[in-house]
Every structure is written in structure tokens, then in C-alpha cells.
Amino acid sequence: MKVKKYTVKTMQEAMQLIRSELGDDAVILNSKEIEKGGFLGFFTKKQLEVIAAVDPSMNLPIERPRLSARVPSKGTSRSNTITNDRQTKDIINEIDQLKKMIQGINEKSEAPSKEYPEPFQAIEEHLQYQGVSKTIRLNIMKHLLKEWYNQEKQEQSHESINEQLVDYIEGLLDPHDIGGITFDKQVINIVGPTGVGKTTTIAKVAAHSVLKKHKKVALITTDTYRIAAIEQLKTYARILNIPLEVAYSVDDFIKARKQFEHYDLILVDSAGRNFRNRLYVEELSKVIDFKDEADTLLVLSLTSKYEDMKEIISQFSLIPIRKVILTKKDETSSYGAMLNIPIELGLGVAYITNGQNVPDDILEASISFISKSLLEVE
């Protein structure tokens with residue numbers, strides 16, 4: 001075997017020299033980058049050191065890489081090249097397998113999941129669309145399927161299954177405080193984040209109490225951050241012919257409450273600021289009386305995500321919330337929060353608003369109304 005080492009600038013130059021001196025049957029055994037010349041490590045020049053060999057007397061039955069084929073890159077040996085080729089093939093195979101797996105996952109995700117027999121699958125999909133939480137949906141489906149299996153000897157109609165669904169949902173809501181103000185507390189604090197229609201909602205509750213419940217109602221507002229909110233509430237107060245006082249401090253609040261001590265109901269408005277800020281909730285508790293003689297209602301919008309509602313509710317850990325008022329029913333078709341909040345968070349539902357008109361667009365919450373809204377039945 002004839003072996004020869006070449007020092008060149010480029011691999012193309014090496015191939016020309018090897019082919020001219022050793023012939024086309026030569027193989028490159030190794031190539032690496034080296035530095036030559038310079039002074040004290042400076043001004044060196046990078047070059048290639050290539051080792052090639054040829055053995056004309058050997059006639060091996062296996063194919064050997066020829067110079068006309070792809071040669072190894074800098075710093076690799078022939079054996080490394082073969083290994084790299086095998087690794088490349090393995091990687092390509094793995095990529096192909098991954099593509100097939102991903103394609104299968106996508107096809108499964110695009111196709112609707114059929115976990116239950118009909119009509120139970122349609123019920124599950126409807127409840128999911130409504131935003132009912134996964135845990136509650138699972139309990140509902142367990143109940144319906146249990147009833148179905150227990151009565152498998154009798155063919156059940158869709159109507160009977162829907163009746164069982166309504167009965168079960170109403171049974172879930174039954175232990176919870178669903179309904180409007182009971183007037184067992186004189187003071188009702190109404191709080192809520194920005195953008196939920198709180199001021200309009202307070203006017204609706206006041207009008208509902210005056211016109212339908214025939215109660216003597218007064219208003220106190222602590223929302224001194226927004227002049228527009230005060231003016232809006234004053235306008236509603238004039239229309240309803242009820243008094244309104246603005247409280248800038250705890251002392252103002254106490255005086256206003258003393259002034260209205262002979263009224264049946266005192267509704268207290270608060271600033272609709274960001275309740276993610278715990279400091280604000282602490283400041284609010286200094287202005288508004290949240291003791292046993294008062295109830296607090298939290299206003300939330302049905303257009304909000306349920307996860308956001310839960311986060312808002314968690315910000316009121318310093319304030320004992322009794323019920324929620326759910327607004328903007330007319331702006332969404334997802335009513336799952338009506339069910340999720342009582343069952344998962346233990347809060348009652350007092351009122352549901354479905355428009356901007358005062359006093360018309362407000363309804364006292366009821367178990368029947370919630371179940372019918374969820375299931376879209378009359």
C-alpha cells in the first residue's frame with residue numbers, strides 16, 4: 001500500500017494532487033485543518049493536511065469510495081464518513097416516523113372525540129360549548145349513563161334523557177343560594193372590576209327593589225375616582241326619586257349610613273378598579289363596612305373567561321362575598337359560569353342582566369332560569 005500526506009489550501013487542490021499521483025483508486029484516510037507559519041503564534045495560515053493511500057495489488061469485493069464520489073469534509077476520516085452516513089439515515093427514518101405520528105395526532109385532534117353513545121355525546125359537546133367545567137360535565141355524564149344502564153331493558157327516549165339532565169342540574173344548584181336580595185340585611189355592598197357594567201347594574205337593582213318590591217331605597221357611592229360614574233348614578237337616583245350620598249372617607253360612609261338608617265335598603269357603589277391589586281381591596285375594606293350587618297355582591301360579566309372570573313373572586317379574600325351578579329347575558333351564548341360559580345366556588349347567584357335598559361333588563365336568578373339558559377330550552 002502506498003500512503004502519502006499532502007498539505008494544501010483547499011480540498012479541491014488535494015483531490016487534484018491525489019488523482020494525478022495516486023490515481024482514481026486512491027482513498028482519503030484522513031483530513032484535518034492545521035496552522036502553519038507565523039511568528040510566536042501570530043500571523044499563522046490555516047491549511048489542510050490530507051492523508052491518502054492506494055493499493056493496486058488488492059482487489060477487494062467491497063465497494064470503496066472513489067475520489068469521484070463525495071469526499072469526507074475537513075477533520076473527518078473515512079470511517080467517520082461511513083458512520084455519519086448511517087447516522088444520517090437513522091435520523092431521516094426517525095424524522096419520517098415523527099411526521100407520521102404528528103400527522104396522526106393532528107387527524108385525531110381534528111376529528112371530534114366520540115367518548116359517549118348518542119345522545120349523550122351531543123349533551124357532552126353542548127355542555128362543553130357552554131363552558132361548563134370539566135369536573136361538572138364528568139359528574140353529569142356519569143349520572144346520565146348510570147340511569148341509562150340501570151334502565152337498559154327499557155328504551156329511553158331523548159326527551160326522557162333531557163328531563164333527567166334538567167333534574168340533575170337543578171339538583172346540583174338546589175343547595176346553593178340562588179335568587180335576588182332578601183332584604184334581611186339593610187346594607188348591600190356592590191363591588192366589581194372595571195368594565196362589567198357595575199353602575200348600571202346598581203341602578204337596575206335599585207329600580208327593581210323600588211318598583212317591584214316596593215322598598216324604600218337609598219344609594220351611597222364611594223366611587224370618587226370617576227366623576228362620570230357619580231353623575232351617572234345621580235341621574236338614575238333622580239329618575240327613581242331616591243337619595244344619593246357620596247362618601248369620600250370612612251367617616252362620610254358612617255354619616256351617610258346613619259342618615260339612611262330608616263330605609264329598607266342601602267345600596268353601596270364602589271370604584272370599579274383593578275381588583276388584581278390586593279392593596280386596593282385592602283383600601284376598599286377601610287371605606288366600606290363589610291361586617292355581619294351587610295352583604296356583598298360581586299358583579300361579573302358573562303363575557304369573561306371562567307378562569308378570569310375565578311382569579312377576580314380570589315382577589316376578594318378580605319371581603320366576604322355572598323353572591324354574584326352576572327351581567328351581559330345578551331352579549332354571549334356561553335352560560336357555563338352560572339353553573340360553575342355556585343357548584344365549584346360556593347357563591348350564590350343574585351341577578352342576571354341581559355341589556356342596558358334600566359330598569360327592565362335585569363332578572364332575579366332562579367334554578368329554573370339557569371338550567372333553561374344552559375340547555376337552551378324554553
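H208 belongs to helix α6, which spans residues 198-211; helices here are DSSP runs of H or I with at least four residues, strands are E runs of at least two, and both are numbered from the N terminus. Please keep in mind that this is a predicted model, in which local features need pLDDT of at least 70 and side-chain atom pairs count only at pLDDT 80 or more, while totals for chains, interfaces and linings use all residues. Residues are numbered from 1 along each chain as its sequence is written, and side-chain values use heavy atoms, with hydrogens and water left out.

**H208 and its surroundings**

- H208 counts as buried because its relative accessibility is 8%; buried means under 20% relative accessible area, exposed means over 50%, and partly exposed is in between (1.4 Å probe, protein chains only).
- Setting aside neighbours within four places in sequence, H208 is in contact with K213, Y351 and E364, where contact means heavy atoms within 4.5 Å.

**The chain as a whole**

- The chain holds twelve helices and eleven strands.
- Of its 378 residues, 42% are buried.
- Take the contacts between residues at least 6 apart in sequence: 74% of them join residues at least 24 apart.

**The eight-stranded sheet**

- Which order do the strands follow in the open sheet of eight? The order is β6-β5-β7-β4-β8-β9-β10-β11, and the pairing is mixed; two strands pair if DSSP finds at least two bridges between them.
- β6 (244-246) and β11 (362-364) stand at the edges with a single partner strand each, so one side of each has no neighbour in the sheet.
- Neighbouring strands of this sheet are turned by 25° against each other on average, direction ignored; the axes are lines fitted to C-alpha atoms (for helices over the stretch in contact), and angles run from 0 to 180 degrees between N-to-C directions.
- Strand β5 (residues 217-221) runs parallel to strand β7 (residues 265-269), and five bridges join them.
- Within this pairing, L219 has L267 in β7 as its bridge partner.
- In a regular strand the side chains alternate between the two faces of the sheet.

**Another strand pair**

- Strand β1 (residues 2-8) pairs with β3 in the antiparallel sense, over seven bridges.
- One of the linked pairs is K2 with V54, its bridge partner in β3.
- Strand β3 (residues 45-54) is largely enclosed by the rest of the structure, because seven of its ten residues are buried.

**Nonpolar cores**

- The largest nonpolar core has 41 residues, of which L298, L300, V324, L326 and I341 touch the most other members; such a core is a set of buried Ala, Val, Leu, Ile, Met, Phe, Trp, Tyr and Cys residues joined through side-chain atoms within 4.5 Å.
- Helix α4 (residues 134-150) gives the most to this core, with five residues.
- A second, separate core has 25 residues, including V196, A237, I242 and V299.
- Leaving aside neighbours within four places in sequence, I341 is in contact with L300, Y306, M309, V324, L326, G346 and L347.

**Rings and charges**

- How many aromatic pairs does a search of the whole structure find? There are two; rings of Phe, Tyr and Trp (its six-membered ring) pair if their centres lie within 6.5 Å, and planes under 30 degrees apart count as stacked, over 60 as edge-to-face and the rest as tilted.
- F260 and Y263 form an edge-to-face pair, 5.4 Å centre to centre with 75° between the planes.
- Both F260 and Y263 are buried.
- K216 lies over the face of Y263, at 4.5 Å from the ring centre; a charge sits over a ring if NZ of Lys or CZ of Arg is within 6 Å of the ring centre and within 35 degrees of the ring normal.
- The charged end of K215 sits over the ring of F183, 5.0 Å from its centre.

**Loops to look at**

- H214 is found in the loop between α6 and β5, and is exposed, with a relative accessible area of 64%.
- Although H214 is not a glycine, it has a positive phi of about 55°.
- K328 lies in the loop between β9 (323-327) and α11 (337-345), and also has a positive phi, about 65°, without being a glycine.
- E331 has its place in the loop between β9 and α11, and is partly exposed at 47% relative accessible area.
- Not counting residues up to four places away in sequence, E331 touches T303 and Q356.
- The C-alpha atoms of E331 and N354 are separated by 7.8 Å, with the two residues 23 apart along the chain.
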